[in-house]
Structures are given as C-alpha cells and as structure tokens.
Amino acid sequence: MNSTVTNEILVFKTNIRYKKDVNKVSPLLESDSRVMEWNVDQMDIDNVLRIASDELHPTEVITMIQTAGYFCEELPD
C-alpha cells in the first residue's frame with residue numbers, strides 16, 4: 001500500500017516584514033487546521049509566505065492575510 005502525503009505549497013508575495021507582523025498573522029494561520037506548515041521569508045524582497053496545505057485555496061489565504069491588514073498576492077509557479 002502506498003500512503004504518500006502530498007501537501008501543496010502555496011506561495012505569496014506579502015509585506016509581512018518584521019517579527020511583529022509575523023506575530024500578527026500567526027494566530028490566523030495557526031488556528032486554521034488546513035494549514036499544515038507555514039513560514040515567511042523576511043529576508044526575501046517579496047517577503048514570501050509559503051503555506052503547505054491540501055485544502056486551502058489561494059484566495060482564502062489572500063483574504064486571511066488581507067484581513068490582518070497586510071498585502072498578499074499569489075506568486076506564479
């Protein structure tokens with residue numbers, strides 16, 4: 001039996017730059033059971049947010065991040 005776990009990686013350009021910004025979006029992402037893992041590359045010029053999930057749609061992530069007051073745009077593959 002092949003039991004492969006496949007998490008899709010969603011990638012977004014954001015303006016989540018500082019630790020305080022990460023702390024502001026963290027409760028939103030941590031409380032969503034569909035988010036398997038996430039991180040923000042604060043060293044990248046695009047402050048790239050990566051989310052591993054098989055169930056989230058990119059528009060849901062964009063709405064979630066924008067609700068917290070931040071810019072969020074899906075990056076193409």
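A residue is called buried when its relative accessible area is under 20%, exposed when that area is over 50%, and partly exposed in between, with a 1.4 Å probe and protein chains only as cover. The model is predicted, so local features need pLDDT of at least 70 and side-chain atom pairs count only at pLDDT 80 or more, whereas totals for chains, interfaces and linings use all residues. Residues are numbered from 1 along each chain as its sequence is written, and side-chain values use heavy atoms, with hydrogens and water left out.

**Salt bridges**

A salt bridge is taken here as a side-chain nitrogen of Lys or Arg within 4 Å of a carboxyl oxygen of Asp or Glu, and by this rule the count comes to four.

| Pair | N to O distance |
|---|---|
| K13 and D46 | 3.9 Å |
| K20 and D21 | 3.7 Å |
| R34 and E60 | 2.9 Å |

The bridge of R34 with E60 links distant parts of the chain, 26 residues apart, since R34 lies in the loop between α1 (19-30) and β2 while E60 belongs to helix α2 (residues 58-67); helices (H or I, at least four residues) and strands (E, at least two) are DSSP runs, numbered from the N terminus.

K13 is partly exposed, with 30% relative accessibility, and D46 is partly exposed at 23%.

In the pair of K20 and D21, K20 counts as exposed because its relative accessibility is 59%, whereas D21, at 6%, counts as buried.

**Residue N47**

N47 sits in the loop between β2 (37-41) and β3 (48-53) and counts as buried because its relative accessibility is 6%. A polar atom of the N47 side chain lies 3.5 Å from the backbone oxygen of I16. The phi angle of N47 is near 45 degrees, which is a positive value in a residue other than glycine.

Note on methods:
Polar contact = N/O pair within 3.5 Å; in protein donor to acceptor, adjacent residues only side chain to side chain.
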